[in-house]
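Here is my note on the model, as numbered points. Please read it with the structure open.

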Amino acid sequence: RYYRLAAEQGDADAQFAVGQCCELGLGLPQNIGEATRYYRLAAEQGDADAQFAVGQCCELGLGLPQNIGEATRYYRLAA
């Protein structure tokens, strides 16, 4: 609950944590689309773990259309 509040207030660490909870169904219903949304929010703030997670989602087509070029871009940002 508090992670989600912090995530909605723009905290990148909380956004990544909520993304993981959504992806894995930990304390929230499993929802890869919602996970990807939170990962992107954190990635836009420069969170390397979130950038890698968005890269994986783009590569595998999880929660968004598969896009290898976009996956590569996020992996590079995360490096």
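Which residues in α3 meet which residues in α4?

1. Thr-36, Tyr-39, Arg-40, Ala-42 and Ala-43 in α3 meet Ala-50, Gln-51, Ala-53, Val-54, Cys-57 and Cys-58 in α4. Contact means heavy atoms within 4.5 Å. By class, the contact of α3 with α4 holds 8 nonpolar, 2 polar and 1 charged residues. Here Ala, Val, Leu, Ile, Met, Phe, Trp, Tyr, Cys and Pro count as nonpolar, Asp, Glu, Lys and Arg as charged, and the others, Gly among them, as polar.

2. On provenance: this is a predicted model, where local features need pLDDT of at least 70 and side-chain atom pairs count only at pLDDT 80 or more, while totals for chains, interfaces and linings use all residues. Residues are numbered from 1 along each chain as its sequence is written, and side-chain values use heavy atoms, with hydrogens and water left out.

3. Geometry of α3 and α4. Helix α3 spans residues 32-44. Helices (H or I, at least four residues) are DSSP runs, numbered from the N terminus. The α3 and α4 axes are 8 Å apart, at an angle of about 135°. Axes are lines fitted to C-alpha atoms, for helices over the stretch in contact, and angles run from 0 to 180 degrees between N-to-C directions. The angle makes α3 oblique to α4. Angles under 35 degrees count as roughly parallel, over 145 as roughly antiparallel, 65 to 115 as roughly perpendicular and the rest as oblique. The α3 and α4 crossing is left-handed. That label applies if the near helix is turned anticlockwise from the far one by less than a right angle; clockwise is right-handed.

4. Next, α4 and α5. Helix α4 covers residues 48-60 and helix α5 residues 68-78. Their axes are 8 Å apart and the packing angle is about 165°. The two helices are therefore roughly antiparallel to each other. The contact includes Phe-52, Val-54 and Cys-58 of α4, and Ile-68, Tyr-74 and Leu-77 of α5. Its residues divide into 10 nonpolar, 3 polar and 2 charged.

5. Then α2 and α3. Helix α2 runs over residues 12-24. The axes of α2 and α3 come within 8 Å and cross at roughly 165°. That makes α2 roughly antiparallel to α3. Among the residues in contact are Phe-16, Val-18 and Cys-22 of α2, with Ile-32, Tyr-38 and Leu-41 of α3. By class, there are 10 nonpolar, 3 polar and 2 charged residues.

6. Is Thr-36 buried or exposed? Thr-36 counts as buried, at 3% relative accessibility. Buried means under 20% relative accessible area, exposed over 50%, partly exposed in between (1.4 Å probe, protein chains only). Leaving out residues up to four places away in sequence, Thr-36 touches Cys-57, Leu-62, Gly-63 and Leu-64.

7. Ala-7 sits in helix α1 (residues 2-8). Its relative accessible area is 4%, so Ala-7 is buried. Tyr-38 lies 31 residues away along the chain, yet the two C-alpha atoms are separated by 8.0 Å. With residues up to four places away in sequence not counted, Ala-7 touches Ala-14, Gln-15, Val-18 and Tyr-38.

8. How many disulfides are there? A search of the whole structure finds 0. A disulfide is a pair of cysteine sulfur atoms within 2.5 Å. For Cys-22, the nearest cysteine sulfur is that of Cys-21, 7.0 Å away. For Cys-58, that of Cys-57 is nearest, at 7.0 Å. Cys-22 is buried at 2% relative accessible area, and Cys-58 is buried at 1% relative accessibility.
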